[in-house]
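User: Hi, I'm new to this one. Could you walk me through it?
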Amino acid sequence: MQDKILLTDESGEEIEFFVDAEFELDGQTYIILCENEDDEDALVYKLSGTDDDLILTEIEDDDEFERVVEFYDNSYEYDDEDEFDENE
């Protein structure tokens, strides 16, 4: 079972997301979120703050975004049960 996180959108509606991955790259922590466990579309954010007060920031730099997505694609893969395994 994947961890879940509750976010509030611009209109104040709360939306639950599944945490597909959380990792550090080049000294920055990133998080990959999906609206459901079978969703192929993911949201990618910089992550900071504490467990009680998480701060998600959009990645505005295209090169940084590409590095994060490439790292994610190369570091995580689906196992036979469609769950992510971190490559070692």
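Predicted model: local features only at pLDDT ≥ 70, side-chain atom pairs only at ≥ 80, totals over all residues.

User: Okay, and where is Phe65 found?
Analyst: Phe65 is part of helix 1.

User: Let's zoom out. How many helices and strands does the protein chain have?
Analyst: There is 1 helix, and there are 7 strands. Going along the sequence, the pattern reads β-β-β-β-β-α-β-β.

User: And what share of the residues counts as buried?
Analyst: The protein chain has 88 residues, and 28% of them count as buried.

User: Switching to charges: how many salt bridges does a search of the whole structure find?
Analyst: The search finds 3.

User: Which residue forms a salt bridge with Lys4?
Analyst: That's Glu16, and the closest N and O atoms of the pair are 3.9 Å apart. This pair links distant parts of the chain, with Glu16 in strand 2 (residues 14–25) and Lys4 in strand 1 (residues 4–8), 12 residues apart.

User: Why does Glu16 count as partly exposed?
Analyst: Because its relative accessibility is 40%. Lys4 has 44%, so it counts as partly exposed.

User: What about Arg67, which side chain does it meet in a salt bridge?
Analyst: Arg67 meets the side chain of Asp26, at 3.7 Å from N to O. Here too the pair links distant parts of the chain: Arg67 sits in helix 1, and Asp26 in the loop between strand 2 and strand 3 (28–34), 41 residues apart.

User: Is Asp26 buried or exposed?
Analyst: Asp26 counts as exposed, because its relative accessibility is 64%.

User: What is phi of Asp26 near?
Analyst: Phi of Asp26 is near 55°, a positive value in a residue other than glycine. For context, most residues other than glycine have a negative phi.

User: Back to the salt bridges. Which side chain does Lys46 meet?
Analyst: Lys46 and Glu64 meet in a salt bridge, with an N to O distance of 3.5 Å. Lys46 is in strand 4 (residues 43–50) and Glu64 is in helix 1, so these are distant parts of the chain, 18 residues apart.

User: Is Glu64 buried or exposed?
Analyst: Buried, because its relative accessible area is 11%. Lys46, on the other hand, is partly exposed, with a relative accessible area of 24%.

User: Which residues gather in a patch of negative charge on the surface?
Analyst: The patch holds Asp61, Asp62, Asp63, Glu66, Glu70 and Asp73.

User: Take Asp62, where does it lie?
Analyst: Asp62 lies in helix 1, which covers residues 62–75. Its relative accessibility is 61%, so it counts as exposed.

User: Where's the place of Ser75?
Analyst: Ser75 is in helix 1 as well. With a relative accessible area of 13%, it is buried.

User: What does the side chain of Ser75 reach?
Analyst: It reaches the backbone oxygen of Phe71, at 2.8 Å.

Terms used: Residues numbered from 1 in each chain as written. Heavy atoms only, no water. Patch = residues over 30% accessible without salt bridge, like charges linked within 9 Å, V, L, I, M, F, W, Y side chains within 5 Å. Areas by Shrake-Rupley, 256 points an atom, 1.4 Å probe, with all protein chains shown as cover. Salt bridge = Lys/Arg side-chain N within 4 Å of Asp/Glu carboxyl O. Lys, Arg positive; Asp, Glu negative; His and termini not counted. Charge placed at Lys NZ, Arg CZ, Asp CG, Glu CD. Helix = DSSP H or I, 4+ residues; strand = E, 2+ residues; numbered from the N terminus. Buried < 20%, exposed > 50% of the residue type's maximum accessible area, 1.4 Å probe, protein only. Polar contact = N/O pair within 3.5 Å; in protein donor to acceptor, adjacent residues only side chain to side chain.
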